[in-house]
Amino acid sequence: MSRSPEPTPPAELIRRHQRALWRWLRFLGADGPTAEDLVQETFLVVLRGPFEDRGPAATSAWLRAVARNLFLKDRRREARAAAALEEAEAVWLRFRAEDEENGLKDALRACLEELPERGRRVLGLRYEDGWSRARIARELSLGEEGVKSLLARLRKALRACVERRLWA
Amino acid sequence: MTDWEDRLLDRALRETLGGEAPADLSHRILLRLRGGPRGEEKAPRRPPSSRLRAALLAAVFLCVGLLLRGVLAPRETLLAIRLAVTEGRVRWLGTTRRLVLEAGGSALVRPKPGDRLEAGTARPAVLILGGYRRFFLDPNTILEVRAMTATNRNGRTILGGLAIAVVSGGLGWMAGGGLQRAEAGEELDMRVETAGDGAPLLGTPKETELAERLAAAREEIRRLRARLVAREKAEAPEGVEEEAPAEKPPPDSGDPIEVLPSDPSLAALLARIDWRMAGRTMKEMIPLLEKLNEALEKGGEIPLDLAGEIQKLNGNLLSQAKAFLEAGVPGSGVNGAWTHPAVTANFMNALLAEAGMSLDEGQREALSRLGRRYASENEILRDRGKDPNALALDSLLKEVELKDRFLEETEAMLSADQRRILHPESLRGRIGMDLFSSGLVLAQYLRPVPVRNPGQLADSLRSSLAGSLELSGPARAKVDRLVREFADSLPEEIWKGGPKGKAPLRKAWVQAVARRQLGLMKRILREVPMADADRRQLRSSMRIFLPIRR
């Protein structure tokens with residue numbers, strides 16, 4: 001008779017999944033403090049309930065589902081359609097956003113290296129240094145709209161590169 | 001690209017480039033989990049939006065009002081409790097009374113739902129509630145009375161319980177042999193408890209007052225007994241064996257402060273350190289450092305005999321700090337281990353005890369709490385530093401900032417005399433001279449560059465980079481331009497009145513230069529094409545090139 005594996009201790013479960021769960025909630029649109037609160041609530045709901053550990057992938061999916069429900073409950077007033085979140089789940093899985101290794105983040109790092117110097121600089125100013133679009137526009141002697149479309153183009157190029165790497 | 005795809009990429013860029021990351025929530029979740037099952041409808045920790053909050057508060061007050069009407073008779077609504085403040089400052093904003101209590105002050109208050117207690121903004125406060133339980137309030141903490149219940153015990157009507165919500169900030173208290181904490185959004189349900197002497201935690205004004213007078217009298221008896229034992233011991237002729245006093249040893253006993261009791265290896269290491277020797281060494285060393293600093297400030301040569309003495313004493317401390325490093329205490333280099341919150345807290349304790357300015361029990365507990373909080377932040381930093389894309393200099397500066405915050409908060413809970421022992425004014429912020437400063441961490445990676453102007457600094461940096469990175473012609477030109485921009489961007493005070501000759505270096509200068517140098521490194525990595533090996537080398541560099549005016 002096969003024995004079910006030992007359940008993962010709560011501390012280990014939290015350590016293993018909290019970062020991806022936070023990323024998921026931020027992706028759905030929760031601000032930083034809300035994401036932190038909902039991560040806590042999610043683990044509390046899961047660990048206090050009849051939780052069966054069926055391995056990392058199933059646990060991730062279960063945690064994401066609970067977090068999504070809590071997020072929807074939190075945002076009830078905004079009435080964000082649950083159907084839209086189904087699409088979010090599909091995008092999340094397709095881009096392997098959960099994985100700390102060999103997933104979206106690793107692919108993105110490699111793609112950033114492939115960008116031309118100017119592109120890396122603009123993304124660095126925006127995301128690393130936290131500059132506003134207006135400040136970047138002044139620095140590069142561009143219009144604000146120009147910076148906006150440049151950033152959009154860069155993200156599009158990165159997405160194409162990430163897809164290529166993830167699904168090659 | 002769909003909206004979700006764009007958003008996912010945006011989030012990934014914020015994490016990858018911007019370093020956005022969540023705090024480690026394990027501790028909070030496990031604490032709440034241990035707190036027992038609660039309904040899923042429990043309000044989240046985060047304060048709700050103002051409109052929602054107003055609606056919730058109205059609902060809460062309505063419910064509390066209904067509950068109270070059913071539970072409390074009019075007389076019991078006057079039930080009171082004593083607040084005593086031993087550290088910091090708190091404000092009581094009650095329905096019937098508003099007052100400010102400074103350290104040493106106490107007052108009887110009659111709590112009612114909606115009454116608030118606020119800790120001061122500048123420093124933590126230590127509050128004794130009902131003459132029995134001690135709470136450590138973080139700065140800016142706001143507590144709100146949510147509900148009260150009454151109970152009858154032995155014919156006396158006393159408060160049966162008090163529900164207090166943490167509106168903002170957080171507080172800690174000792175229970176079950178460890179520090180417990182409650183954060184904003186959580187509620188504390190305090191039931192009637194009795195101290196060892198039977199004094200109730202809560203009671204009617206008269207009962208509370210009588211019980212507290214009794215407790216105070218007993219405390220006075222305990223204190224006098226301890227003094228008597230100490231005096232008898234001092235006066236006893238040598239060779240006469242004394243009975244061990246039954247009292248707990250005083251806090252200056254040199255016992256290590258438990259910062260991470262959950263880490264048995266660190267606890268064992270702390271127990272092995274000779275704290276008295278460490279305290280004595282630092283006590284001897286600080287006046288010598290003051291003399292050395294004075295000589296160097298005057299522009300003189302390093303007095304070799306003085307430097308030799310300091311070096312000898314430093315050897316004692318270094319051997320202790322090395323033990324921490326070898327035991328895997330996280331931090332950059334030996335000084336990183338020395339300045340780890342758990343270690344620093346104990347060195348401070350040892351020095352103050354040796355100087356006759358021991359931490360009192362409240363301070364020890366508060367320091368332990370602070371040390372624990374920052375030690376856990378330190379762990380998170382260490383984990384982030386393991387990211388192969390993290391810049392070592394960035395991690396170093398974050399470590400320094402974390403330790404600065406720890407030291408600032410620690411100082412806030414010390415008395416002025418204690419602060420003077422740890423940081424004589426002349427040594428404050430001097431690299432390598434101030435023993436309780438994050439400057440010690442920076443000192444290990446300093447590379448002073450004797451120059452006259454920004455141009456010479458840029459030349460020096462260029463040749464250093466050219467020697468360590470294999471760059472193509474255009475890439476080298478690009479680096480040259482960025483380096484020149486960096487040298488020109490240094491604050492004017494670095495060139496006028498900044499580091500010069502052998503004068504002691506100030507931490508503020510080093511930090512200002514290091515932050516700009518980090519910006520330079522990020523720009524080089526971002527804008528200059530180079531081989532992976534060169535990138536790794538640049539990311540791992542922790543050297544800080546500090547211009548010293550010739």
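How many residues does the contact take from chain B and from chain A? It takes 50 from chain B and 56 from chain A. Keep in mind that this is a predicted model.

**View 1. Here is where chain B and chain A meet.** Put together, the two chains bury about 5,200 Å² between them, and 56% of that lies on carbon and sulfur atoms. Look for Trp4(B), Leu8(B) and Arg526(B): these three supply 16% of the area that chain B buries against chain A, more than any other three residues.

View 2. One of the salt bridges to look at joins the side chains of Arg539(B) and Glu113(A), at 3.8 Å from N to O. On the side of chain B that touches chain A, α1 (3-16), α2 (26-34), α17 and α18 (532-540) each supply at least two residues. The biggest giver is α1(B), with 13 residues. Sorted by class, that side of chain B has 19 nonpolar, seven polar and 24 charged residues.

**View 3. This close-up is of helix α15 of chain B, residues 473-489.** The helix has 17 residues and reaches 25 Å from first C-alpha to last, close to the expected 24 Å. Its buried residues are Ala475(B), Lys478(B), Val479(B), Leu482(B), Val483(B), Phe486(B) and Ala487(B). In an α-helix, residues three or four places apart point the same way, because there are 3.6 residues a turn. The buried residues of α15(B) pack against α14 (454-468), α16 (492-495) and α17 (507-527) of chain B, and also against α6 (117-128) of chain A.

Note on methods. Residues are numbered from 1 along each chain as its sequence is written. Chains are lettered from A and ligands numbered from 1 in the order in which they are written. This is a predicted model: local features need pLDDT of at least 70, side-chain atom pairs count only at pLDDT 80 or more; totals for chains, interfaces and linings use all residues. Side-chain values use heavy atoms; hydrogens and water are left out. Helices (H or I, at least four residues) and strands (E, at least two) are DSSP runs, numbered from the N terminus. The expected span of a helix is 1.5 Å times one less than its number of residues. Buried means under 20% relative accessible area, exposed over 50%, partly exposed in between (1.4 Å probe, protein chains only). Contact means heavy atoms within 4.5 Å. Buried area is the accessible area (1.4 Å probe) that two parts lose on being put together, summed over both. A salt bridge is a side-chain nitrogen of Lys or Arg within 4 Å of a carboxyl oxygen of Asp or Glu. Ala, Val, Leu, Ile, Met, Phe, Trp, Tyr, Cys and Pro count as nonpolar, Asp, Glu, Lys and Arg as charged, and the others, Gly among them, as polar.
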